[in-house]
Amino acid sequence: MTSRISSKSSPIVIVGAGVFGLSTAIHLAQRGYTNVKVLDKQTYHETEYSYDKGCDAASADINKIIRMAYGSQMEYQTLALDALSRWKEWNEEIKTGSTRPPGFTADDALFINNGNLTMFSDSSLPEFETRTMENMAKAGLERSQIVLTKPIDVDRAKTNGFGFAVDPFKRKDNYGILDIQGGFVYADKACRFALHKAEALGVQFISGPKRGLFSGFVRDGESHIKGVRTADGTSHSAELTIMACGGWTPSLVTQLDHLCETTAGSVCIFQLPPGSALWDRFAPENFPTWTYDIRHGASGGLYGFARDTNGAVKIGYRGTKFTNPQTQADGVSRSIPTTRWTAESTRQMPLLAARTIRSFVEKHMPELLSCETKNRLCWYTDSFDNHFVVDFVPDVDGLMVATGGSGHGFKFLPNLGSHVVDRIEGRPSDYLHLWRWRSLGPDQRPYNSIMEGESSARSLKHQDLTADDCLIKQQARI
Ligand SMILES: Cc1cc2nc3c(=O)[nH]c(=O)nc-3n(C[C@H](O)[C@H](O)[C@H](O)COP(=O)(O)OP(=O)(O)OC[C@H]3O[C@@H](n4cnc5c(N)ncnc54)[C@H](O)[C@@H]3O)c2cc1C
């Protein structure tokens, strides 16, 4: 076991205070590292990870799904179950006050256990769900899985207080599985909690569009990174630099070419009118977290949530992901995030996403059609095989990446960083072989996290992003 860091007081710089950076910072501090600094271009202390206040990281969102179902991938199921117990511990830390960030009260919770409803249009159980059922049984958790077409299972859901989650859309053919362990987390609140926890453990945060913006590496020759520079001209020395910049990472660490790609998911928020009857209907105690035909390609890939405390009902589409290739200084084209808050502001979503969401809402949630809507593109960092990337950059000393969330990283905020520290310390791990630096083999095809098949990433550039008839506009009715 050889650690890549000489002492627990050696300076470590993490660039990026999203899920990967935050989790790494917490676990480094918990293992006794005393000189950990996190840089971010966002002023999260003020903006509180709110998209409406200018944050556009994948982690800066109102909510994210917490699922345990991972098909045949037992490692991730085990990791998700571990994360689940830690989410519950974090809820408890808020309740008891042992960790309570400014503005939180004892009644605040991060994880809400309102069930995770996986719906599909076919009567036969998809392969992914069949494997999940088997692996849940292996973990002794088969009773948490409710097959909607089995009356005995539905009765069990009701007995456990999940009757509301069995058929929230009153579907004619109600095919699907409800996992009564799952639900969602309030994502922005969870990041605020994690940032506060890291600070309480001694981690230093430097943020802002100049002080926190990574502008380049400090090098000792080509192959030794000794820290980073920020846009205000400051150099931050580090024995180890960890790049955790989400969708921005592939353009900052270009060695990731062919390993990670930045792609957009489409999100629509339906704003419930205050005081309307819909407020109760979509409350988390009456409405589950859901997905619909999530691995069925372009015509499926839908997911959604109960309303948040402000009455926002979020529906996302990930049946097709989109890319935004831009030619960079080295002449190579890479996809980079474009959002409402980037220099070239994007307030629309691609037509295909808008149409698919609309068609689902018309059929299953028509009561939302009169609500005001807002759109967002939220940027994934996809690896070609859907596994994270937690490793040292080959042939470069002092540089590591923690990225490649591939659309499923948020749920691991409480435990992901522990495995990043394992990598630094050279400890054995059940996960790091999946997250190692790697390249696509000659016979391997890119995996698509959505379809469990070939990658469907499409270029935003090939979509007409500005044509009025092509896209839903900000504030337009969907
Ligand atoms: C639409 C969508 C839906 C998702 N849904 C789920 C879900 O339901 N459940 C789930 O488990 N996961 C989900 N995910 C995945 C999850 O959100 C991500 O895996 C995770 O948030 C990624 O975290 P990150 O730290 O890698 O990146 P980010 O959250 O993007 O954070 C990167 C950080 O780096 C900073 N940064 C970038 N460039 C610089 C720079 N030059 N200088 C300084 N700072 C910089 C950014 O400001 C940002 O704070 C979803 C992702 C998307 C896009």
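The pLDDT is the predictor's confidence in each residue, from 0 to 100. The structure is a predicted model, in which local features need pLDDT of at least 70 and side-chain atom pairs count only at pLDDT 80 or more, while totals for chains, interfaces and linings use all residues. Residues are numbered from 1 along each chain as its sequence is written.

**Figure 1. Confidence along the protein chain.** The mean pLDDT of the protein chain is 92, and 93% of the residues score at least 70. Helices (H or I, at least four residues) and strands (E, at least two) are DSSP runs, numbered from the N terminus. Confidence in the protein chain is highest in α1, at 99, and lowest in strand β24 (residues 453–454), where the mean is 38. Residues 449–456 have a pLDDT below 50, and this stretch has 27 contacts in the model beyond near neighbours in sequence. Here two residues are in contact if their C-beta atoms, placed from the backbone, lie within 7 Å.

**Figure 2. Helix α1 beside helix α6.** Axes are lines fitted to C-alpha atoms, for helices over the stretch in contact, and angles run from 0 to 180 degrees between N-to-C directions. The axes of α1 (residues 19–30) and α6 (residues 187–200) come within 9 Å and cross at roughly 30 degrees. The two helices, α1 and α6, are therefore roughly parallel to each other; angles under 35 degrees count as roughly parallel, over 145 as roughly antiparallel, 65 to 115 as roughly perpendicular and the rest as oblique. Helix α1 contributes Leu22, Ser23, Ala25, Ile26 and Ala29 to the contact, and α6 contributes Cys191, Ala194, Leu195, Lys197 and Ala198. By class, the contact of α1 with α6 has 8 nonpolar, 1 polar and 1 charged residues. Ala, Val, Leu, Ile, Met, Phe, Trp, Tyr, Cys and Pro count as nonpolar, Asp, Glu, Lys and Arg as charged, and the others, Gly among them, as polar.

**Figure 3. Helix α1 across helix α10.** The axes of α1 and α10 (residues 416–425) come within 7 Å, crossing at roughly 65 degrees. This angle makes α1 roughly perpendicular to α10. Among the residues in the contact are Val19, Phe20 and His27 of α1, together with Leu416, Gly417 and Val421 of α10. The contact of α1 with α10 comprises 8 nonpolar, 5 polar and no charged residues.

**Figure 4. An annotated span.** In an unreviewed entry, UniProt lists residues 12–29 as "transmembrane region"; its positions are given in the numbering used here, feature names are shortened, and annotations may be inferred rather than shown by experiment. Residues 12–29 are 61% helix and 22% strand, with their end C-alpha atoms 11 Å apart.
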